[in-house]
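Please look over the sequence and the structure shown here, and then follow the explanation below from the annotated region to a single residue.

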Amino acid sequence: MPIFHAQCTCGALALEVDGDPVHNHVCTCTRCQRASGSALAHNVWFREENVRIVSGEYSVWYPQGETTPDVMKAFCRICGGGGFSKSGTYFPGTVVIAGGTFADPSFPAPDHVHWWDNRPHWLDLAEPIERLAGN
Ligand SMILES: [Zn+2]
Ligand SMILES: [Zn+2]
């Protein structure tokens, strides 16, 4: 089984994952652009039991409030980067890790892109990546 290593910008918060992604996509919706600070977000889901926190401490943000703890985003307490999130009923029992935090050129490619119609006019992607106009 492959082992992938992710870390935040300062390196304090480090994660280790074994096993292939359950779901692997990029998204150019407005929310993902704002969350990632980039033209697109590379969102990669892994089974929760395959993800380990190797080092570091994190803060947690609950976008829907603390009564919905399965929708959350965790980020490094020092630099605010890296971390992981949970997407609630979208994929229960999984953890989302931003593909860029692996900084690994051989990391598996996304299968498809969501909200392609919302992409910046200059963005293009390799042909095998399926383009979905919306969600
Ligand atoms: Zn999105
Ligand atoms: Zn950090």
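What percentages of helix and strand does the chain have over residues 4–117, and how far apart are the end C-alpha atoms? Over that stretch the chain is 6% helix and 42% strand, with the end C-alpha atoms 31 Å apart, where helices (H or I, at least four residues) and strands (E, at least two) are DSSP runs numbered from the N terminus. This is a predicted model, in which local features need pLDDT of at least 70 and side-chain atom pairs count only at pLDDT 80 or more, while totals for chains, interfaces and linings use all residues. Residues are numbered from 1 along each chain as its sequence is written, and chains are lettered from A and ligands numbered from 1 in the order in which they are written. Residues 4–117 are listed by UniProt, in an unreviewed entry, for "domain: CENP-V/GFA"; such positions are given in the numbering used here, feature names are shortened, and annotations may be inferred rather than shown by experiment.

An open sheet of 3 strands runs in the order β1-β2-β5 with antiparallel pairing, two strands being paired if DSSP finds at least two bridges between them. Its edge strands, β1 (3–7) and β5 (51–55), each pair on one side only. β1 pairs with β2 (residues 14–18) in the antiparallel sense over 5 bridges, and Q7 stands opposite A14 in β2.

D104 lies in the loop between β9 (94–98) and β10 (112–114). D104 is exposed because 12 other C-beta atoms lie within 10 Å, the cut-offs being 12 or fewer for exposed, 20 or more for buried and partly exposed in between, with C-beta atoms placed from the backbone. D104 and A6 are 98 residues apart in sequence, and their C-alpha atoms are 8.9 Å apart in space.
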